[in-house]
Amino acid sequence: MFRTPQVILFSADVPRAVRFYSRLGFTETFRVPVEGDPIHIDLVLDGYKIGVASVASTRDDHGLDPVPEGQRAAVILWTDDTAAAYAEITATGAPALAAPHEWLGRLLIAWTADPDGNPIQIVQPL
C-alpha cells in the first residue's frame, strides 16, 4: 500500500536549508520549480530522503499551518567519528546543542541543529 517514505522539513528559507544539508553530503534529487526560487527540494544521503518545503507554499498551496522553527523532528546522522563530525558542523556555524556524550553505554551522541532549528543528532556506536 505504501512505499518510499521520506520526511519533509518546513523552512522559511529553502535554499539556505538545502545549502546546509548539501554540506553534510546530501544531494538534490527533485526541485519545484525547476528554475527560479524553489518552494520544495528533495535531498538524499545513503538512501535516506528528506524534503525541504517552503512554509509559505505549504500554507498557500495546501492550506496547512506548519511551524517554521523549533524542535519538531530530528534528523539522525550516523558516523564513524561523532566528535570530529560535531566539531566540523559547529565550526561552520551550526549551533552546539549538546557536546558528544556517551549514551546507554554503547553510543556516542552529539546534537546540533539546521538553520531552521530542527535538531541534528550525530551518533556512532562505541
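**Entry 1: a polar contact.** I began with a pair of side chains: Asp-116 and Ser-11 are joined by a polar contact of 2.7 Å. I keep in mind that this is a predicted model. The side chain of Asp-116 also makes a polar contact with that of Arg-16, again listed at 2.7 Å.

**Entry 2: the setting of Asp-116.** Where does Asp-116 sit? I found Asp-116 in the loop between strand E7 (107–113) and E8. Is Asp-116 buried or exposed? Its relative accessibility is 6%, and buried means under 20%, so Asp-116 counts as buried. I then listed its contacts, leaving aside neighbours within four places in sequence. Phe-10, Ser-11, Ala-12, Arg-16 and Ala-17 are among them, and so are Pro-68, Glu-69, Gly-70 and Arg-72.

**Entry 3: another loop aspartate.** Next I looked up Asp-37, which lies in the loop between strand E2 (27–32) and E3. Asp-37 has a relative accessible area of 69%, and exposed means over 50%, so Asp-37 is exposed.

**Entry 4: the nonpolar core.** How many residues does the largest nonpolar core have? I read off 19, and Tyr-21, Leu-43 and Ile-120 are those with the most contacts inside this core. At least two core residues come from each of helix H1 (14–23), strand E3 (40–45), strand E4 (48–54), strand E5 (75–78), helix H3 (82–91) and strand E8 (119–125). H1 gives the most, with five residues.

**Entry 5: the largest pocket.** Last, I turned to open space. Rolling a probe the size of a water molecule over the atoms shows where empty space is left. The largest pocket holds about 430 Å³ of space. It is lined by 16 residues, and the closest to its centre are Leu-24, Leu-45, Leu-77, Trp-78 and Ile-89. H1, E5 and H3 are the elements that give two or more residues to this lining. I sorted the lining residues by type and got eleven nonpolar, two polar and three charged.

Conventions
Residues are numbered from 1 along each chain as its sequence is written. This is a predicted model: local features need pLDDT of at least 70, side-chain atom pairs count only at pLDDT 80 or more; totals for chains, interfaces and linings use all residues. Side-chain values use heavy atoms; hydrogens and water are left out. A nonpolar core is a set of buried Ala, Val, Leu, Ile, Met, Phe, Trp, Tyr and Cys residues joined through side-chain atoms within 4.5 Å. Buried means under 20% relative accessible area, exposed over 50%, partly exposed in between (1.4 Å probe, protein chains only). Helices (H or I, at least four residues) and strands (E, at least two) are DSSP runs, numbered from the N terminus. On a 1 Å grid over the protein atoms alone, a cavity is a set of points where a 1.4 Å probe fits but cannot get out, and a pocket is an open set with protein on both sides within 12 Å along at least five of seven lines; lining residues have an atom within 4 Å of a point. Grid points are joined across faces, edges and corners, and a volume is the space filled by probe spheres set on the points. Ala, Val, Leu, Ile, Met, Phe, Trp, Tyr, Cys and Pro count as nonpolar, Asp, Glu, Lys and Arg as charged, and the others, Gly among them, as polar. A polar contact is a pair of N or O atoms within 3.5 Å; within protein, one must be able to donate a hydrogen and the other to accept it, and residues adjacent in sequence count only if both atoms are side-chain atoms. Contact means heavy atoms within 4.5 Å.
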